[in-house]
Amino acid sequence: MSVSPRNSLSAPEIVAPDGGLAPSTPSGPLGGATTTASQPASETASETARTASGTFSAVDETGTGATPRHAADLIVFGGTGDLSMRKLIPALYHCDRDGRLADETRIIAMSRGGLTDADFRGKVDAEARPVPEGEDDEGWQRFLRRLHHVSVDVGGSDRSGWGALSRLLAGYEDRDRVFYLASPPMTFGPFCREAHEAGLVTPHSRVVLEKPLGRDLASARAINDEVGAIFDERQIFRIDHYLGKETVQNLLVLRFANAFLEPVWNSLWIDHVQITVAETVGTPGRRGYYDHAGALRDMVQNHLLQLLCLVAMEPPSRNDRESIRDEKVKVLQSLRPIVGSEVDRFTVRGQYAAGDDVPSYLDEPASTPPTEISRRVETYAAIRAEVKNWRWAGVPFYLRTGKRMPSRRSEIVVQFKDVPHAIFPGATPNRLVLRLQPSEGIHLLLMAKEPGAGEVALRPVPLSLSFAETFQSRVPDAYERLLMDVLAGNPTLFMRRDEVEAAWRWIDPIIETWEGSEALPEPYPAGTAGPAGARELLARSGRTWHEEDL
Ligand code: BG6
């Protein structure tokens with residue numbers, strides 16, 4: 001999830017802490033507890049200090065998503081922004097409601113908004129309440145009391161806001177302290193440096209970085225270096241909210257907790273894989289961000305490549321912080337580079353034109369008029385990727401994502417090959433569909449005989465698992481899971497530095513070719529299935545995109 005870049009980072013205002021929630025075990029002053037990149041992980045990672053104090057649970061090495069039970073301070077930079085109000089606040093409320101936040105945990109929003117705690121609570125109450133009035137009123141009031149606001153001018157000359165934050169955090173140095181940067185990537189380095197200079201980075205601190213991390217390999221490296229100068233890699237949580245989605249986690253369970261799939265999970269049995277993230281929304285009000293991102297940086301470099309990794313990775317030896325990420329990096333490193341003239345053959349980009357009652361990308365409401373950059377940015381991307389290893393040789397992975405599609409649909413489709421020897425006419429190959437949206441579930445299309453005497457008539461029928469129906473419980477939002485993982489210190493579902501950089505390494509030549517080309521993205525009317533080129537990308541090998549509802 002991204003947020004629109006802001007014109008300046010923040011405007012200063014000192015907000016006096018209002019007392020809020022008091023800690024049960026306040027401890028002494030900070031006393032030089034900041035971390036430097038040169039310290040070995042064992043000295044800087046928070047589990048050492050926690051185990052020694054006996055106050056905190058150890059970092060979760062199991063990858064099973066432990067619930068954090070100790071009090072923490074969660075500091076959200078960009079705390080009044082779109083991501084925070086739409087996703088983080090509702091997710092934290094649900095965690096609180098489920099009893100997964102310690103009583104004393106505080107949520108401190110940082111922004112240039114110049115709000116008091118009371119103002120911020122009022123804003124959240126008015127704009128971000130996830131349940132209607134009358135439902136859980138007491139719980140909602142309890143949740144609001146966790147909220148604080150501090151105005152900080154990151155990147156500016158006025159450091160008084162950091163003083164206000166220091167006072168709010170004073171006495172709570174032994175708590176887990178999470179800095180969540182829900183802000184544009186160019187703020188990550190300055191934020192970490194200033195937090196460090198203000199003496200706020202403790203051994204118990206972690207930092208969460210929202211995607212996209214940079215805009216190419218070089219900028220991603222620079223940001224990683226800047227953040228890495230203050231935080232140890234084990235303290236850095238690079239978030240991709242797709243990894244917190246139930247179906248995505250279930251993909252790992254499906255593949256590695258069931259025996260039947262593994263023998264057929266390879267090029268002998270699988271014809272191709274399709275990964276689709278189609279959205280009906282456009283980009284109203286987001287041009288400032290989207291003009292400089294486009295579908296490739298906004299969705300493919302992160303969400304779609306992460307999904308590809310989970311489909312293609314080898315079975316990890318353990319479900320722990322490094323084993324899964326090690327396997328994902330190997331997939332990214334095995335992606336066949338798409339360079340030069342191949343970019344035209346294996347990729348398609350489009351931009352939505354006006355549709356029925358819907359403006360074109362260029363006519364979307366925005367604070368600034370469209371520019372040449374706006375005309376060139378893609379709101380749709382499709383790519384034919386290949387994983388060059390023994391398991392996947394010759395199996396295309398088709399990726400596509402677009403705004404203003406006819407329906408909201410995110411899914412992974414694993415298309416199996418025909419049976420080796422057909423004895424029934426009319427049989428079609430099996431297909432496994434992992435649906436992330438609109439309703440999370442898994443569907444395996446099998447051939448079955450239609451009931452009746454006479455000729456054998458075949459029909460593909462889905463063997464379906466709907467999470468909502470099967471488990472009869474609310475499917476949590478991806479951010480709930482990921483926020484709890486950060487508070488518990490479990491990085492398994494977060495991207496490691498080498499993963500992010502390997503993804504950029506593969507994306508960079510495509511971006512360079514697109515940006516260097518005189519051709520504009522192919523237009524498609526809003527509300528339609530994308531540019532014709534995307535259909536041709538598959539048609540060339542006699543394949544079609546999966547468009548069925550299940
Ligand atoms: C974000 C992108 O990361 O993911 C948005 O920045 C996109 O452009 C969003 O709309 C989609 O997330 P989800 O969970 O709604 O599929």
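1. Helices here are DSSP runs of H or I at least four residues long, strands are runs of E with at least two, and they are numbered from the N terminus. The model is predicted.

2. Start with the whole protein. It has 18 helices and 15 strands. There are 550 residues, and 55% of them are buried. Take the contacts with a separation of 6 or more: residues 24 or more positions apart supply 80% of these. The accessible surface is about 22,400 Å². Carbon and sulfur atoms hold 54% of that surface.

3. Next, the ligand. The shell around the ligand has 14 residues, and Tyr242, Lys245, Glu279, Asp298 and Lys403 come nearest. By class, the shell splits into seven charged residues, four polar and three nonpolar. Which element gives the largest share of this shell? Helix α11 does, with three residues.

4. For Lys211, a side-chain N or O atom sits 2.7 Å from a ligand oxygen. For Arg286, a polar side-chain atom is 2.8 Å from an oxygen of the ligand. For His303, the distance from a polar side-chain atom to a ligand oxygen is 2.7 Å. On its own, the ligand would expose 400 Å², and the protein buries 92% of this area.

5. An unreviewed UniProt entry puts the feature "active site" at His303. The residue belongs to helix α11, which runs over residues 294–312. Is His303 buried or exposed? The relative accessible area of His303 is 1%, so it is buried, given that buried means under 20%. That area is worked out from the protein chains only. Burial of His303 therefore goes together with a polar side-chain atom 2.7 Å from a ligand oxygen.

6. The unreviewed UniProt entry also lists a "binding site": Arg112, Asp153, Val154 and Lys211. Asp153 sits in the loop between β3 (147–151) and α6 (160–169). With 12% relative accessibility, Asp153 is counted as buried.

7. Lys211, one of the residues in that UniProt list, has several features to check. Its place is the loop between β5 (205–209) and α8 (217–228). Lys211 has a relative accessible area of 7%, so it is buried. Besides the ligand oxygen at 2.7 Å, the Lys211 side chain reaches the backbone oxygen of Asp298, also at 2.7 Å. Asp298 is itself among the residues that come nearest to the ligand.

8. Most peptide bonds are trans. The bond that joins Lys211 and Pro212 is cis, with omega about -5°. Pro212 is in the loop between β5 and α8. Another cis peptide bond joins Gln437 and Pro438, with omega about 10°. Pro438 lies in the loop between β12 (431–437) and β13 (441–449).

9. Now the phi angles. Most residues other than glycine have a negative phi. Arg404 is not a glycine, and its phi is positive, near 55°. Gln472 is not a glycine either, and its phi is positive at about 50°. Where does Gln472 lie? It is in the loop between α15 (467–471) and α16 (478–488).

10. Compare the exposure of these two residues. Arg404 has 15% relative accessibility and so counts as buried. Gln472 has a relative accessible area of 66%, which makes it exposed, since exposed means over 50%.

11. Last, Gln415. This residue is part of strand β11, which covers residues 409–416. Gln415 has 9% relative accessibility, so it counts as buried.

How values were computed. Residues are numbered from 1 along each chain as its sequence is written. This is a predicted model: local features need pLDDT of at least 70, side-chain atom pairs count only at pLDDT 80 or more; totals for chains, interfaces and linings use all residues. Side-chain values use heavy atoms; hydrogens and water are left out. UniProt positions are given in the numbering used here, feature names are shortened, and annotations may be inferred rather than shown by experiment. Buried means under 20% relative accessible area, exposed over 50%, partly exposed in between (1.4 Å probe, protein chains only). A residue is near a molecule or strand if one of its heavy atoms lies within 4 Å of it. A polar contact is a pair of N or O atoms within 3.5 Å; within protein, one must be able to donate a hydrogen and the other to accept it, and residues adjacent in sequence count only if both atoms are side-chain atoms. Accessible areas come from the Shrake-Rupley method with a 1.4 Å probe; for residues, only the protein chains shown count as cover. Ala, Val, Leu, Ile, Met, Phe, Trp, Tyr, Cys and Pro count as nonpolar, Asp, Glu, Lys and Arg as charged, and the others, Gly among them, as polar. Contact means heavy atoms within 4.5 Å.
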